[in-house]
Number of protein chains: 2
Amino acid sequence: MHVFYTPDIDSSEYSLNEEESKHCLKVLRLGRGDVVNLIDGRGGFYEAEIIGESKRNVQLRITQSVQEYQKRNHHLHIVVAPTKNIDRLEWFLEKATEIGIDEITPVICERSERKIIKEDRLNKVITSAVKQSLQAYHPVLNPQVSLTDFLKMEHNSVKMIAHCIDGEPRQYISQVLEPHQRYIVLIGPEGDFSPKEIELALQSGFKPLTLGNTRLRTETAALAACFEVNYLNR
Amino acid sequence: MHVFYTPDIDSSEYSLNEEESKHCLKVLRLGRGDVVNLIDGRGGFYEAEIIGESKRNVQLRITQSVQEYQKRNHHLHIVVAPTKNIDRLEWFLEKATEIGIDEITPVICERSERKIIKEDRLNKVITSAVKQSLQAYHPVLNPQVSLTDFLKMEHNSVKMIAHCIDGEPRQYISQVLEPHQRYIVLIGPEGDFSPKEIELALQSGFKPLTLGNTRLRTETAALAACFEVNYLNR
C-alpha cells in the first residue's frame with residue numbers, strides 16, 4: 001500500500017500537492033478508484049480513495065481513519081552531537097525513526113567538529129523513514145543548541161548522559177530506567193564529551209550511562225540507546 | 001592509540017606491510033619509540049613499540065599481549081538477505097561489528113533482488129569496524145548461500161527466523177532465547193521471505209520471531225536482532 005505524508009489534513013477530503021500528485025500518477029501509476037494510506041504525523045493513520053485526478057492535482061476521499069495509531073507508551077528524546085560526516089547523523093535519524101523515537105535535538109559540544117546542520121534535509125530523512133516504516137507520529141527535530149544552553153533548560157524527564165570515561169561510575173540504561181516515562185539521553189561527539197561537560201551534566205541531574213564495553217561511534221551509541229529504551233518499554 | 005589489524009602475527013616481533021607502513025609513517029606520522037595496538041582477530045590484543053622504520057617497512061616489538069580479549073559469552077550468527085542497495089548491508093556489517101556479532105552469512109531468497117555480493121569489500125568494512133571499535137575478534141563473513149541450501153545444513157544453535165506476516169504466531173527474541181548459547185537469526189530481503197520459505201524454516205526447527213510492531217528495513221531488522229541478543233546476554 002502506498003503512503004503519503006499529509007500533515008495538513010483537516011477534513012474528509014484531501015488534495016495531494018503538485019509534486020505528490022505527479023508522483024502518484026506518473027511513478028506509482030495510480031488512478032481513480034485506487035486506495036492509498038495517509039499519515040498526518042500526529043497519530044492519524046488514514047485510508048483514502050482517489051476520487052479525482054488531473055496532471056497537477058490528485059483528490060482523495062478518506063474512507064477510514066485511526067487516531068493515536070500505535071501510540072507509544074513512553075517519550076524518548078535523544079540529544080546527540082551531529083557527526084563530522086553528516087551521513088552518519090542522517091543514518092541515525094532514519095534508523096531511530098524506524099525503531100521508535102519522539103524527539104531529537106542536535107547539540108553542539110566542546111569537541112564538536114560539525115557546528116552546522118541543515119534542518120530541512122534532516123527532516124526529509126525523518127519523513128521518508130516515517131512513511132517507509134508506517135509510523136503515524138512524526139519525530140520532532142528541534143533546532144540545534146549548545147550543550148551548555150541545553151543543560152540550563154528545565155527538563156521534566158529522566159535524564160541520562162552516555163560517556164566513555166572508563167573508571168567513572170556508570171550504569172546501563174536498564175539499571176536507571178523506569179518504564180513509561182519521559183527520557184532524555186545525551187550522546188556526545190566523536191572524541192566524547194569533555195570532562196567539564198560531563199561534570200556539568202551530572203550537576204544538572206543527568207545520570208551517567210554506559211552502553212556496553214565496546215567503543216561505539218556517535219550514531220551507533222545514539223541508536224543503541226534508542227533500542228534499549230524501546231526494548232525496556234515493550 | 002592507533003590500531004593495526006595483524007591476523008598473521010605469530011611472534012614477539014611483527015613487520016607492517018608496505019601499505020600499512022606508509023600509513024603509519026606518512027599519515028599517522030609515527031616513528032621509532034611510538035607505541036601502537038595490534039589486533040589479530042582471534043582474540044589477541046597487543047601493545048607494540050616501533051623499533052625500526054624504513055619507507056616500506058615498520059618493525060614492531062610486542063611489549064604486552066592479552067588473549068581472549070573481551071571474549072563474548074555467546075555466539076551470534078546473523079543470516080541476512082543482501083539489500084538491493086549494498087550500502088545498507090555494509091552499514092549493517094559496520095554497526096553489527098560495533099555492537100557485537102560473530103558470524104554473518106549472506107543468504108539469497110526467493111524475493112532477493114540482489115544475488116551477488118563482493119566478499120572482499122564487505123570484509124574490508126568489517127575489518128575497519130573491528131579496528132575502530134577495538135574488538136579483538138574479527139566477525140566471520142561466510143560465502144553467500146541460497147536459503148534452501150542453508151536450511152538443509154546442520155546447525156547446532158538456537159534457530160530463529162524473523163518475518164513480517166501479521167497474524168502468524170511470532171515471539172520476541174527475549175521469549176525464545178536462553179542466555180550464553182549459539183544463535184542463528186534469519187532476516188529476509190525487502191519484501192520479506194515467501195510463505196513457502198517461512199514454512200520450510202519452521203519445518204527445519206526455526207522459531208518465528210517478531211522484532212516489534214514497526215515495519216523495519218532488512219538492515220534495521222538485522223541490527224535490531226543483534227542488539228536484542230547482545231542485550232539479553234549482558
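Domain bounds in this predicted model come from an automatic or database domain assignment. The model is predicted, and local features were considered only at pLDDT of at least 70. On this basis chain A is divided into domain 1, residues 3-66, and domain 2, residues 75-233.

The two domains of chain A were examined first. Their centres, taken over C-alpha atoms, are separated by 34 Å. Contact between them involves 11 residues of domain 1 of chain A and eight residues of domain 2 of chain A. About 730 Å² is buried between domain 1 and domain 2 of chain A. Carbon and sulfur atoms give 71% of that area. On the domain 1 side, Val3(A), Tyr5(A) and Ile39(A) lose the most area to domain 2 of chain A. Together these three residues account for 56% of what the domain 1 side buries.

Polar links across this domain interface were then counted. Zero salt bridges were found between domain 1 and domain 2 of chain A. Four residue pairs are in polar contact across the interface of these domains, both residues of each pair being at pLDDT 80 or more. Strand S1 of chain A, residues 3-5, supplies the largest share of the domain 1 side that touches domain 2, with three residues. By class, this side of domain 1 of chain A comprises five nonpolar, three polar and three charged residues.

The relation between the chains was considered next. Two copies of a chain are related by a rotation about an axis and a shift along it. The same surface serves both copies, since 100% of the contact residues of chain B recur in chain A.

The interface between the chains involves 29 residues of chain B and 29 residues of chain A. The size of an interface is often given as the accessible area lost when the parts come together. Between chain B and chain A, the buried area is about 2,600 Å². Carbon and sulfur atoms give 49% of this area. In chain B, the residues that lose the most area to chain A are Arg215(B), Tyr231(B) and Arg234(B). Together they contribute 24% of what the chain B side buries.

Eight salt bridges were counted between chain B and chain A. One of these pairs Glu228(A) with Arg234(B), whose closest N and O atoms are 2.6 Å apart. Arg234(B) is also among the residues of chain B that lose the most area to chain A. The count of residue pairs in polar contact between the chains is 20, with both residues at pLDDT 80 or more. Three elements of chain B give two or more residues to the side that touches chain A: helix H2 (86-99), helix H3 (119-132) and helix H7 (218-232). H7(B) gives the most, with eight residues. The residues of this side of chain B divide into 11 nonpolar, eight polar and 10 charged.

Over all chains, the whole structure holds 32 salt bridges. Among them, Glu13(A) pairs with Arg61(A), the closest N and O atoms being 3.5 Å apart. This pair links distant parts of the chain, 48 residues apart. Glu13(A) lies in strand S2 of chain A, residues 13-16, and Arg61(A) in strand S5 of chain A, residues 57-66.

Technical notes
Residues numbered from 1 in each chain as written. Chains lettered and ligands numbered in written order. Predicted model: local features only at pLDDT ≥ 70, side-chain atom pairs only at ≥ 80, totals over all residues. Heavy atoms only, no water. Contact = heavy atoms within 4.5 Å. Buried area = accessible area lost by both parts, 1.4 Å probe. Salt bridge = Lys/Arg side-chain N within 4 Å of Asp/Glu carboxyl O. Polar contact = N/O pair within 3.5 Å; in protein donor to acceptor, adjacent residues only side chain to side chain. Helix = DSSP H or I, 4+ residues; strand = E, 2+ residues; numbered from the N terminus. Nonpolar A, V, L, I, M, F, W, Y, C, P; charged D, E, K, R; others polar.
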